[in-house]
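The exercises below are meant to be worked through with the sequence and the structure side by side. Try each task before reading its solution.

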Amino acid sequence: MDSDCTLVRFRLLVGLMLIFLMGQRVSVAAGEVPHLVKKGTAVQLVVDDDPLVMLAGELHNSSSTGLEYMERLWPKLKRLNLNTVIAAVSWELVEPEEGHFDFELVDGIMEQAREHDMHVVLLWFASWKNGVSSYAPAWVKKDTRRFPRCLGASNLNTKDVLTPLSEENQRADARAFAALMSHLRQTDGERHTVIMVQVENEVGIRPEPRDLSPLADRAYAAAVPAALMDYLTANKDSLIPELRDCWAKTGFRRSGSWTEVFGEGVQTDEIFSAWYYAKYIGGVVKAGKAEYPLPMSVNAWLRAPEGKPGDYPSGGPVAHVMDIWRAAAPDIDLYAPDIYLPDFKGICAE
């Protein structure tokens, strides 16, 4: 393949992403916006009243930051018989100054896609991309007091990783994402060029299994949120086995701190991280859907065999903590495995 094409991998995107479908949660009439419909054991993405199977190519992270560069890619995408391109949109370029939004790149990508009769899936690179906060705007990066960071055992994460426990961090991201979705509704709400959005990318913290900042320590010592305990109790018999086994070690305790409910160790650290990442991103998703309810996904950096939390980003929606994500973020439609491991069938089964 021509490396200039910037295609990292091809995906039958619906076939892969719907592995972890949570179910359609958007109350819309068919045809209003692209949406998901379950028919028996199959799930369909419906665009303009017809099912669509995406044959999608994903661009490199920075390809969609230049419209002139993008212009030469479309003919190659068409020659590959693709009908959809997966393109990143970064918070830092959408909101370079707080409260001032620039959608020139987004509009240009949509216009170029229409000219070549293709759809677009946008990747919202905002608070985190591959576990770090490199795509946040400079005004966020510079203000560590207002926008606090995670803290690692060796102070490794004090600059690079926004903490998911900060309401101010979440509010800023959610406002920007809501502005993006509002703009999409106004400019593409009837044309449906953009048909899905991935929110953040491969989230979680590493190498520590959880944030070790004072803010996180206080939350870790406090009671497990009632919303999570209610979900676990209501779904006790159908929980993912690895999570259920962790809870079972304390006799299925229904209240207490995180260690009192789930026991000591890195498993509990990961459960704690998953709750706060999911709650944060769930709030961003909810704000975006309030403006324009496209199907929205979150992807996962997978756990390698024998891998421990922190070897991979701890807190992301890997299979064994997906119940935590379901409890914290019910508005997410899809969980997508980012498959770089060889056991495709095993990953899908998990």
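**Exercise 1.** In this predicted model, find how many aromatic pairs there are, and then work out how Trp-128 and Tyr-280 are placed towards each other.

*Solution.* The count comes to 14 aromatic pairs. In the pair of Trp-128 and Tyr-280, the ring centres are 4.5 Å apart and the planes make an angle of 55°. Because planes under 30 degrees apart count as stacked and those over 60 as edge-to-face, this pair is tilted. Next, locate the two residues: Trp-128 belongs to strand 8 (residues 119-129) and Tyr-280 to helix 12 (residues 266-291), so the pair ties together parts that lie 152 residues apart in sequence. Finally, Trp-128 and Tyr-280 are both buried.

**Exercise 2.** Classify the aromatic pair of Trp-325 and Tyr-335, and state which elements hold the two residues.

*Solution.* With 6.0 Å from centre to centre and 80° between the planes, the pair of Trp-325 and Tyr-335 is edge-to-face. Trp-325 lies in helix 13 (residues 322-328) and Tyr-335 in strand 11 (residues 334-338), ten residues apart, and both residues are buried.

Technical notes:
Residues are numbered from 1 along each chain as its sequence is written. This is a predicted model: local features need pLDDT of at least 70, side-chain atom pairs count only at pLDDT 80 or more; totals for chains, interfaces and linings use all residues. Side-chain values use heavy atoms; hydrogens and water are left out. Rings of Phe, Tyr and Trp (its six-membered ring) pair if their centres lie within 6.5 Å; planes under 30 degrees apart count as stacked, over 60 as edge-to-face and the rest as tilted. Helices (H or I, at least four residues) and strands (E, at least two) are DSSP runs, numbered from the N terminus. Buried means under 20% relative accessible area, exposed over 50%, partly exposed in between (1.4 Å probe, protein chains only).
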